[in-house]
Amino acid sequence: MTLRGVFPMADRSSRNGMRSEPSTAVLALKPAPGPRPLGLKWADNVATVAVRGDLDREALWAIDYTIGRAATEAGRIVLDLREVTHLDYSGIPELVARRRELLGRGGDLLIAVSNPYVSNILKATGGAELAMFRTVEEAVAPVAVARARAMRK
């Protein structure tokens, strides 16, 4: 089961100065919120929040809310931004704060991003505070977990 949301973005001028149509961000959470399997520790349970589209501040708020909801049962959250075309930098501090909160509880927030434009926005705003990977598979690999833990120290 997947939780999906569609968030209409505000009108804004495109890069060439012409007004553009509102864009939409689509959000999916896998697995759906619910009890984790018996015997699986919170810190070892992984949830993926996949997003695509053009993200403004309101969409980032919705993403942060969804990450918080996923974190009730999963300690490792992968934020999949591979299909994001634009990201409003003003919402990045909430992602940094959410990662700090998860790290404090023994979990982590890992970001999969392949678009260099989006990656540069994240690096410029979140810097070393965000753990970024090229794919979701890299983010959930045992090597990624060790690397993310080493970054905390």
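**Entry 1: Ala 43**

Setting aside neighbours within four places in sequence, I found Ala 43 in contact (heavy atoms within 4.5 Å) with Gly 75, Arg 76 and Gly 106. The model is predicted, so I note that local features need pLDDT of at least 70 and side-chain atom pairs count only at pLDDT 80 or more, while totals for chains, interfaces and linings use all residues. Residues are numbered from 1 along each chain as its sequence is written, and side-chain values use heavy atoms, with hydrogens and water left out.

I placed Ala 43 in the loop between S2 and S3; helices (H or I, at least four residues) and strands (E, at least two) are DSSP runs numbered from the N terminus. Ala 43 has a relative accessible area of 24% and is therefore partly exposed; buried means under 20%, exposed over 50%, and partly exposed in between, with a 1.4 Å probe and protein chains only. Its C-alpha atom is separated by 6.2 Å from that of Arg 76, 33 residues apart along the chain.

**Entry 2: Glu 129 and Arg 99**

I located Glu 129 in the loop between helix H3 (116-126) and strand S6 (131-133). Not counting residues up to four places away in sequence, Glu 129 touches Val 96, Arg 99 and Arg 100. The side chains of Glu 129 and Arg 100 are joined by a polar contact of 2.4 Å; the term denotes a pair of N or O atoms within 3.5 Å, where within protein one must be able to donate a hydrogen and the other to accept it, and residues adjacent in sequence count only if both atoms are side-chain atoms.

I then asked: is Arg 99 buried or exposed? Arg 99 is buried, because its relative accessible area is 3%. This residue lies in helix H2, and a polar contact of 2.7 Å joins its side chain to that of Asp 108.

**Entry 3: H1 and H2**

I looked up the packing of helix H1 (residues 57-70) and helix H2 (residues 92-104): the angle is about 10° and the axes are 9 Å apart. Axes are lines fitted to C-alpha atoms, for helices over the stretch in contact, and angles run from 0 to 180 degrees between N-to-C directions. H1 and H2 are therefore roughly parallel to each other, the term for angles under 35 degrees. On the H1 side the contact includes Leu 60 and Ile 67, and on the H2 side Leu 95 and Leu 102.

Methods: Parallel < 35°, antiparallel > 145°, perpendicular 65-115°, else oblique.
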